[in-house]
Each structure stands twice: as structure tokens, then as C-alpha cells.
Amino acid sequence: MTKPNTILSLPLDAIFQRVPGIWTISTFIFWFIGPVYAPVSFAIYYLIMHLLFLANNIRTCYGAWQGSIMAKIHSKTNWAEKYCKTTGASYPNDTRHDLPFDAVKHVIIIPQYKEDLGTMSDTLDTLASHSSAITHYKICLAMEESEKEAPAKAHQLIQKYQSLFHDITFTLHPSNRPGECKGKGSNVAWAAREMVRQAGGPRVEEVFTIMDADTAFAQDYFAAVSYHYAVATPEERNLSMYCPTTLFDRNADQIPFLVRAADISWSIAVMSNLYDGCAAKFPCSAYSIPMTLAASVGFWDTNAQGMAEDFHMALKCFYSSNGHFKITGIYSPASQCNIQGDSYFGTIQDRFTQAKRHMWASLDVGYALRRAFYNILAPSFDAPDDKIQQIPIVAPYEPFFFISKLIPILHKVAEAHLLMGNILLMITFTIFIIPAGENPTFIWSLLTTSSVHPFLAYIADICNYLRIIVAIPTIMTLYYYDIYQKWCSSERWILSLQEQLHPGTGQGVQPLGKRSHLQARRSLLNVLDYLAIPLCGYAFLSIPQVINQIKQLYTSEIVYIVAGKPTVPLDTVTVETEPLLYTNPFVDDKPATTRGDSGFYDFEEPIDPQARFSPSMWKTIQN
């Protein structure tokens, strides 16, 4: 194809980068002058924004409802057995299917910078407890060269855990590479390239899993990824990504309620976009992607636009596959830690700093628009940093198919980075601008002596009712989220143990592995956290978003600041080597393996196998 020119040679990257900032400033001005000087246009805009807000809340409620159901179904699914039923295989390593369940290997990349050994040991100990760890997990400790102690720390962890995984290695991401932005994305890109190099090239049977250093997965997450990846057709397999829900259940009882409420909102937002049938799905923090796909699209972008490496990588795969890319939601959550600073207010400040870093992802608006522009007008070309170049494309371009997939993607990008935070501010500002009755507001009286246009007054009344109606799906969302949170952070672990000690009494919940040493307690008072969510919307969404979008009018660079997290004392983390309970679904009389259960070996006192299981047994872990 001939290199594109004319309009495609314009500095589209620079133009589109400024779209969020222009949108923010334009809407701010419109909120003040629109009701007075363009009342009909403003009324239509006002109604559309409220309808979008209502639609978002209804969809979020549906996603939370699905999450509360699917999390339970997921926990009770024997994924190896389901693989056999789906494919007709006799056992997980049956080679009659093109990719056996047992052939899938997980290359787990854990990017980190100055993480303490206790936290890393806790994460690795949790992974090592999984029954497939020694046969299927390849661990990559993705370190930064700028951390002087990184090699020594890596060697210490490798020595400690090398016998517990199929493989464990480390990489050192060089500092100050030209064109790179410091952060998780550049570290992950370096580590992934190195793992592909060590493997001798991309391997179809290997799947990257990207997870933070303080993330804990249950073993059924990897089993579910293996299932979905193995049963897919070869074409679908190379165009897939797998994304877990999230759950902040590790140190939530040690932080301010505002931070706790903010991360509840974050988890709800993630869950609301992963249900089956959702037209546009995006990962958050932790996710799995085939090694072949990561290599085919040129790995992770390392410039400023790749700061939000999870969201950005999904966009990159979507455009590079011309819309054929597919994300599958996994309802075994990534258990994560909340931000935790040195003090109460220090924690809130750290969470605000993290929010600003998250909201820097507004750059993805420009990226999404630029890639859409080139995909439609010049397929196989792009212009990062306004330099036109040919790029790898992993699926054919079909105009109508691509556009049908593009519309919901652009809507989701706009919703995340332009609309929701903006709507919250719009509602607040207009309450103080548009008179609710006969008496004008102070701001209105400064702008005009006229009364409110009848059409605007009528629409404003409708919008008042819409805001009341929004409360219904919001309350239902919180109800379903609470069910999901209770199941994932407590009930499934108890039932998994009960099922293994007394088969048939634990609702069929499968082995989960070992729990992290960090486990938060909840009480009825935590219900009050939900009342703080509206305030968190302003503090950790709208305000950071506005600040960043204004900054992006004149720069794309950001200083990556690592937020504080809780630490795990190293002396509390022990590597288990005693035989642990594990039931093989295909060979019932198989002897117990050395790992892979629901964590019963963490109990300080021995459990009588004949005793009735009770939640009090679990408390020995939490004390």
C-alpha cells in the first residue's frame, strides 16, 4: 500500500491529544452561558447527559447483578472437567484436541519497583500454593534497573521459590530509554519481550498474565483462563484477552473510608463492563493475553499514551485486529490492596495522587481517535508522535464489521474519559445556575434579568426526576456488589475448605489455593462506606480528570509516582512444603500433591476431620 499523505499527514496525534481538554473547557463555558443564551440547545444537551448517566447506572446495575451470580458459578466450576465436556476429550492432556487443557502454560509477569520482600513473598507464596504452579507457572519478576537492590532481591526470591514453580526468573528494565515513559507499561513491555526471547519466539501454548506485586489470585483464575484459551478456535485464540474482576479485600479495614469507598467504585466499574454481551470490555490492572498476540501487535507501547497499560493494550489489540479482538471476563477476582500512606490524611493524599495518574489515561481518547482515523482511511498505517509508519495488523479489515465494533469502543472510551466525571460536575454546577422556581439563583441574576426559557424549565424538571430515578439502580448495584464482595472475600474460601474436608457439603466450590496473609475484616458499619461514593466521584474522578485534561493541552508527559501500599512482615510468610489436600477430578485415588488447596494448612490448630466445619475455624487465619 502507498504511504498515505494529504490529510493523514496532519499532526493528528497532537490534535486529538487536546480533545479532552477542549471538551472540558467548552462544557464549562456552556454550563454558564448555555442556559441563558442558548436555552433550547442547552436543554437538549442537558437531557442527553442525564439519559446517558441513567443508562450508565442501569448497565452498571446489570453488570453487578451478573457479577454476583457469575462469581458463584465460577467458584463451583471444575474447569478441567468442563474442558473435557466441551471438547469431547477424555482427560485434560488428551492430544486429540488441538490444544489440550494441560498444555497451556502461564507466564506470570509481576512488575515491581522497590517492593518489600514480605509483600513479594506473600504474592509468590499464594501462587505457589496452586496445584498447577510447579507444572504450569513461569514467574517473571520484572524489576527496574534504577532500583539498586533489585538483582539481590530477585536472586533471594528465586532461591526461595525455584523449586515451587515450573520456572522463575527476573528481568531488569533499563533506565532512561529514549522515548519511554517510566511506569508499569514500559517495564511489562521489556519483560514480555525478554520472555519471548528466552522462549525462542512466541509460543501458542503460553499465555502472559500481568499482575501487580500486591495482587493475589485464586487458582481457579488460571484454570478458567486455560479453559477459555484451550477451547477457542486457533483464530479466536490469537485474538483474545482474559480479564478478572477486582476486589479490594486485603487492607480495607486499615484505611480511611473515602479511600475504601473510592476503590469499591473502582471494582464496581470493572465488574460492570465484563458481563457476557457487553459490547466493549476493558481490563483493569491484572489480565491475561496470549504470548502470540502480544508479540504480533508489537508488545506494549512505552510512551506517555501507554501509561494506563491495561486499557491502552486492549485498545491497541482492538485496532491491530480490525475489531476481531475479544475480551472474556473471568469472575475469580484479582484480590488487591488499597493505597495506604503513612497517616490518615496521607493515605487520602496518596489516593488522590494515584487518581491523577489513573486519569492521565485521558490520552487514550486521542489514541483511540487517531487509530480509528487511520484504520478507516489507511489500514495498516498509524502515526504515533505524528510519524507515519506501517504497523502490524493481525486480522483482515472489513469496513462494516470494524465500524460496528468501533462505535461501542469509542462510546466506552468517551464514557470513561469524557462523560462520567464531566456529568457529575455538570449536575453540581447547574444546580447553582438554573433557577428551580420563581426566584433566580445568584449566578443567574448576574448573567441576566430574564426568566428561564419554558422549554429549559420543563427539561430541568424532567432531569430532576431522572436524578431521583438514578438512585434505584445505584442502590441495587451496591446490594449486588455486597453479595459479590461477601462471596469472593469470605464465603467461597470457607466453602472450598468445607468441600475438601467433607465432600458434598461445600456446595461444590473448587480448590482455591492459599489466601494472602493480608485479609481485611468487614462489619455492618462498612455499609456506610457506600454513602461516601458520590463524594469520591468528585475527589477521585472528576477533579483529577479536569486537572489532567487541562495539562494535556500543553504536555503529554507525567512523572510516575508509585503510591504507598501495605507491607507484609517477612517473618509472617512461610513457604509450605507439607502435603496439602487436593482432589483430582479424574483420578479419585490419586495421592495428594504438595500444593493446591483452599488454604486449610494455615490453621494454627489441627482440624478434626470429623468435626462440623464452622466459620470460627477460619478466624485463626485472621487473628
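**View 1. Glu206 in strand β4 of the predicted model.** Glu206 belongs to strand β4, which covers residues 206-210, in a structure that is a predicted model. The relative accessible area of Glu206 is 2%, so this residue counts as buried. The side chain of Glu206 is joined to that of Lys138 by a polar contact of 2.5 Å. Leaving aside residues up to four places away in sequence, Glu206 touches Lys105, Val107, Lys138, Ala199, Tyr229, Pro290 and Met291.

**View 2. Thr123 in helix α5.** Helix α5, formed by residues 117-128, contains Thr123. Thr123 is buried because its relative accessibility is 2%, below the 20% limit used for that term. When residues up to four places away in sequence are not counted, Thr123 is in contact with Ile110, Met211, Ala213, Asp214 and Thr215.

**View 3. The salt bridge between Glu415 and Arg59.** Across the whole structure, 21 salt bridges are found. In one of them, the side chains of Glu415 and Arg59 meet with an N to O distance of 2.9 Å. Glu415 is located in helix α16 (residues 399-431) and Arg59 in helix α3 (residues 39-75), so this pair ties together parts that lie 356 residues apart in sequence. Glu415 has a relative accessibility of 6% and therefore counts as buried. Arg59 is also buried, because its relative accessible area is 18%, under the 20% limit.

**View 4. The salt bridge between Asp529 and Arg260.** The side chains of Asp529 and Arg260 form a salt bridge of 2.7 Å, N to O. Asp529 lies in the loop between α18 (454-501) and α19 (533-551), whereas Arg260 is part of helix α11 (residues 257-271); the pair therefore ties together parts that are 269 residues apart in sequence. Asp529 and Arg260 are both buried.

View 5. A salt bridge of 2.7 Å, N to O, brings together the side chains of Asp382 and Arg370. This pair links distant parts of the chain, with Asp382 in strand β8 (residues 381-382) and Arg370 in helix α15 (residues 363-377), twelve residues apart. Asp382 and Arg370 are both buried. A network of salt bridges links Asp13, Arg370, Arg371 and Asp382.

Technical notes: Residues are numbered from 1 along each chain as its sequence is written. This is a predicted model: local features need pLDDT of at least 70, side-chain atom pairs count only at pLDDT 80 or more; totals for chains, interfaces and linings use all residues. Side-chain values use heavy atoms; hydrogens and water are left out. Helices (H or I, at least four residues) and strands (E, at least two) are DSSP runs, numbered from the N terminus. Buried means under 20% relative accessible area, exposed over 50%, partly exposed in between (1.4 Å probe, protein chains only). Contact means heavy atoms within 4.5 Å. A polar contact is a pair of N or O atoms within 3.5 Å; within protein, one must be able to donate a hydrogen and the other to accept it, and residues adjacent in sequence count only if both atoms are side-chain atoms. A salt bridge is a side-chain nitrogen of Lys or Arg within 4 Å of a carboxyl oxygen of Asp or Glu.
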